[in-house]
Amino acid sequence: MKVAVRYFTRGGNTKKLADAVAEVAGVQAQDVSVPLSEDVDLLFLCSSVYAAGIDDAVKSFIENPGAKVAKIVNISTAALLPSTYKQVKGIADERGISVDTREFHCRGQFLAMHKGRPNDKDVADAKAFTRRVLQA
């Protein structure tokens, strides 16, 4: 199975999760500015909520990932909203890309809210989630 990890982060919260996912998957996490160079079976897409939405860079990547993506697994952080899943799925559906119903989400630090998140437990939970997805 060919796996890739892409992420977008402004403050580094989401990169922590992307690096953890990539470690388990045995690949390198790369920013969404790096298009896929080959078709992938599974794309772990790590993003955050900014002003109630995903960043335009994430939207652009989903719209044109550079190669065929069979399925996206959503990974997200946010200070307030529960997930980026619905927004990622909406764009992916328009492009004919399947989005796994399983997702990982944790709080992300924003100003004084959720200080230190994602923390060590969140990173460990993201690794365990990734193992479960890859073993299924």
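This is a predicted model: local features need pLDDT of at least 70, side-chain atom pairs count only at pLDDT 80 or more; totals for chains, interfaces and linings use all residues.
The rings of F104 and F129 have centres 6.0 Å apart and planes at 40 degrees, so the pair is tilted (planes under 30 degrees apart count as stacked, over 60 as edge-to-face, the rest as tilted). F104 sits in strand β5 and F129 in helix α4, so the pair ties together parts that are 25 residues apart in sequence. Both F104 and F129 are buried (under 20% relative accessible area with a 1.4 Å probe, protein chains only; exposed means over 50%).

Let's turn to the helix itself. Helix α4 spans residues 120-135, and its 16 residues reach 23 Å from first C-alpha to last, close to the expected 22 Å at 1.5 Å a residue. Helices here are DSSP runs of H or I with at least four residues, and strands are runs of E with at least two. The buried residues of α4 fall within an arc of 160 degrees seen down its axis, so they line one face of the helix.

| Side of α4 | Residues |
|---|---|
| Buried | D122, V123, A126, K127, F129, T130, V133 |
| Exposed, other side | D120, K121, R132, Q135 |

The buried residues pack against α1 (13-25), β3 (40-48), β4 (69-78) and β5 (98-107), where contact means heavy atoms within 4.5 Å.

Residues are numbered from 1 along each chain as its sequence is written. Local features need pLDDT of at least 70, side-chain atom pairs count only at pLDDT 80 or more, and totals for chains, interfaces and linings use all residues, while side-chain values use heavy atoms, leaving out hydrogens and water.

Definitions and conventions:
The expected span of a helix is 1.5 Å times one less than its number of residues. The arc is that of the directions from the helix axis to the C-beta atoms. Rings of Phe, Tyr and Trp (its six-membered ring) pair if their centres lie within 6.5 Å; planes under 30 degrees apart count as stacked, over 60 as edge-to-face and the rest as tilted.
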